[in-house]
Amino acid sequence: MEPIFRPRRMGHVNYWVDDWRAAAKWHNDIAGLQEVYRRTDLKGAFLSNGNTYHDSAVFDLDTPRGKGQKPGLHHLAFELENEVELVDGYNRLNDYGFKFDFTLTADIAHCCYGRDPDG
């Protein structure tokens, strides 16, 4: 079977954390990622290793979206070559039987969020 999507690279990885400010500081001071964007309304910080506007991010559990979550992986993202590939893949998903949980436009990106077979 032909893959539905063919990412050109791993886009980013985001985490749920207990204290987003402390986590952002750790990622800066220890991991060497620079905080480039802060969303106090989401209690989150976007971090970069210089590759993109955000190669990683941390989001606080003490938010409506964080309710019921545990510290750890929030999501990982794959970057496609262009929006046409995203739309074409999205349209072919019905044949595969996979449905995304939701889609959104996040500042400069168009996103589709779904869970792998393990949730």
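Two strands are taken to pair if DSSP finds at least two bridges between them. In this predicted model, strand β6 (residues 102-106) and strand β7 (residues 109-113) run antiparallel and are joined by five bridges, and within that pairing Leu104 has Cys111 of β7 as its bridge partner. The two strands form a hairpin with two residues between them, and Asp107, which lies in the turn, has a positive phi of about 60°.

**The sheet and its helix**

An open sheet is built from five strands in the order β2-β3-β4-β1-β5, with mixed pairing. Because β2 and β5 (72-79) stand at the edges, each with a single partner strand, one side of each is left without a neighbour in the sheet. On average, and with direction ignored, neighbouring strands of this sheet are turned by 20° against each other. Inside the sheet, β3 and β4 pair in the antiparallel sense over four bridges, and Phe46 finds its bridge partner in Ala57 of β4. Helix α1 packs on the sheet, where it touches β1, β2, β3 and β4, and its direction makes about 160° with that of β4.

Trp20, Ala23, Ala24 and His27 are the buried residues of α1; they lie on the same side of the helix because they cover an arc of only 100° around its axis. The cover over these buried residues includes β1 (9-17), β2 (34-39), β3 and β4 (56-60).

**Nonpolar cores**

Which residues make up the largest nonpolar core? It consists of eight residues, namely Val17, Trp20, Ala23, Ala24, Leu33, Ala45, Leu47 and Val58. In soluble globular proteins, nonpolar side chains tend to be buried together.

**Selected residues**

| Residue | Residues touched |
|---|---|
| Trp20 | Arg38, Thr40, Lys43, Gly44, Ala45, Val58, Phe59, Asp60 |
| Ser48 | Leu33, Gln34, Val36, Tyr53, Asp55 |

Ser48 is found in strand β3, and its side chain reaches the backbone oxygen of Thr52 at 2.6 Å. Is Ser48 buried or exposed? With a relative accessible area of 7%, Ser48 is buried, since the cut-off for that class is under 20%.

Lys43, one of the residues that Trp20 touches, has its place in the loop between β2 and β3. Its phi is near 55°, a positive value in a residue other than glycine. Lys43 counts as partly exposed because its relative accessibility is 27%, a value to be read against the limits of 20% for buried and 50% for exposed.

Definitions and conventions
Residues numbered from 1 in each chain as written. Predicted model: local features only at pLDDT ≥ 70, side-chain atom pairs only at ≥ 80, totals over all residues. Heavy atoms only, no water. Core = buried A, V, L, I, M, F, W, Y, C linked by side-chain atoms within 4.5 Å. Buried < 20%, exposed > 50% of the residue type's maximum accessible area, 1.4 Å probe, protein only. Contact = heavy atoms within 4.5 Å. Arc of directions from axis to C-beta. Polar contact = N/O pair within 3.5 Å; in protein donor to acceptor, adjacent residues only side chain to side chain. Axes fitted to C-alpha atoms, helices over the stretch in contact; angles between N-to-C directions. Lists of a residue's contacts leave out its neighbours within four places in sequence.
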